[in-house]
Amino acid sequence: MAALPAVRAVALGGSRAQGTHAPDSDWDLAVYYRGAFDPADLRSVGWEGEVSEIGGWGGGVFNGGAWLTIDGRRVDVHYRDLDVVEHELAEAKAGRFRVEPLLFHLAGIPSYLIVAELAVNQVLRGELPHPEAYPAELRRTASERWAGTARATLAYAKANHAPHARLTEVAGALATAALQAGHAVLAARGEWVTNEKRLLERAGLRRIDEVTGALRPDPRALTGAIESAERIIGLAARP
């Protein structure tokens, strides 16, 4: 991968970079390119799997990649535009970010996710910038924004879904708000997040399962569930 045109670096990410992998865990690799990267070059290597075009995974900072099988191993490849990475690194230092939709992520992803990757992934080939620490300004802005979004998500569900016994909508709001709150908690601690897989555990929010597991299509019960979630989230967010 490092030999492909325009590629300047390759990094190992996911559980294998952080030492939390199991024997059957897949391999997450990011290819960092400068200029015009052509997915056809990756496709032409001949590995079995699916290779997306640039922007094929919805655009934004997470702008595509591939799901491959290489020597019997499952390998996910992520495209990373170095111009975008360097821009988001500067934005994160200033406390600025966006939240973008991404498949399989209930709360969406913050644009500083690709900065988090620089901090926790292992560079295998080439050179990449490395954040010295979690930016102080980002700790403030990210924790405040994610916490506010979580409160708003629950408030909307309480006002618009619970009174009409919309169980599925309330369940979705509880899950989304919990993950938004998880982002807030870890940002306040200055801990990087690269996906949602262990976000609730890390943030101390796994108790939300008790609330979602007891849901039933009754307005009073759903309102009570939302209020329980508000308390759980509020306790987790305390310093």
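# Close-up views of the predicted model

**View 1. Helix H4 lies across strands S2, S5 and S8.** The helix runs at about 120° to S5. Angles here go from 0 to 180 degrees between N-to-C directions, and the axes are lines fitted to C-alpha atoms, for helices over the stretch in contact. Helices (H or I, at least four residues) and strands (E, at least two) are DSSP runs, numbered from the N terminus. Before you go on, bear in mind that this is a predicted model: local features need pLDDT of at least 70 and side-chain atom pairs count only at pLDDT 80 or more, while totals for chains, interfaces and linings use all residues. Residues are numbered from 1 along each chain as its sequence is written, and side-chain values use heavy atoms, with hydrogens and water left out.

**View 2. Helix H3 meets helix H4.** H3 takes in residues 82-93 and H4 residues 113-120. H3 also lies across S1, S2 and strand S5 (73-81), at about 70° to S5. The two helices pack at an angle of about 95°, and their axes are 8 Å apart. H3 and H4 are therefore roughly perpendicular to each other (angles under 35 degrees count as roughly parallel, over 145 as roughly antiparallel, 65 to 115 as roughly perpendicular and the rest as oblique). Who does the touching? H3 brings Val 84, Val 85, Glu 88, Leu 89 and Ala 92, and H4 answers with Ile 114, Val 115 and Leu 118. Contact means heavy atoms within 4.5 Å. Sort the residues of this contact by type and you get 7 nonpolar, no polar and 1 charged. For that sorting, Ala, Val, Leu, Ile, Met, Phe, Trp, Tyr, Cys and Pro count as nonpolar, Asp, Glu, Lys and Arg as charged, and the others, Gly among them, as polar.

**View 3. Six strands line up as an open sheet.** Read across, the order is S3-S4-S5-S2-S1-S8, and the pairing is mixed. Two strands pair if DSSP finds at least two bridges between them. Strand S3 (48-51) and S8 are the edge strands, each pairing on one side only. From one strand to the next, the twist averages 25°.

**View 4. Strand S1 pairs with S2 and with S8.** With strand S2 (residues 27-33), S1 pairs in the antiparallel sense over 6 bridges. With strand S8 (residues 122-125), the pairing is antiparallel too, over 3 bridges. Leu 12 is a handy residue to look for: Leu 29 stands opposite in S2, and Gln 122 is the bridge partner in S8.

**View 5. Gly 65 sits in strand S4.** S4 spans residues 65-70. Is Gly 65 buried or exposed? Gly 65 is buried, with a relative accessible area of 1%. Setting aside residues up to four places away in sequence, Gly 65 touches Glu 50, Val 51, Ser 52, Trp 57, Val 77, His 78 and Tyr 79. Arg 80 is 15 residues along the chain from Gly 65, with the two C-alpha atoms 8.9 Å apart.

**View 6. Aromatic rings pair up.** Rings of Phe, Tyr and Trp (its six-membered ring) pair if their centres lie within 6.5 Å; planes under 30 degrees apart count as stacked, over 60 as edge-to-face and the rest as tilted. The count comes to 7 aromatic pairs. One of them, Tyr 33 with Phe 37, is stacked, at 5.1 Å centre to centre and 25° between the planes. Tyr 33 is buried at 3% relative accessibility, and Phe 37 is buried at 7%. Phe 97 and Tyr 112 have ring centres 5.2 Å apart and planes at 75°, so that pair is edge-to-face. This pair links distant parts of the chain, 15 residues apart: Phe 97 is in the loop between H3 and strand S6 (99-102), and Tyr 112 is in the loop between strand S7 (105-110) and H4. Phe 97 is buried at 11%, as is Tyr 112 at 3%. Ring pairs join Phe 97, Tyr 112, Tyr 134 and Trp 192 into a cluster.

**View 7. Glu 191 lies in a loop between helices H6 and H7.** H6 covers residues 167-189 and H7 residues 199-203. Glu 191 is partly exposed, with a relative accessible area of 29%. Leaving out neighbours within four places in sequence, Glu 191 is in contact with Tyr 134, Leu 186 and Arg 202. Leu 103 is 88 residues away from Glu 191 in sequence and 23 Å away in space, C-alpha to C-alpha.

Key
Buried < 20%, exposed > 50% of the residue type's maximum accessible area, 1.4 Å probe, protein only.
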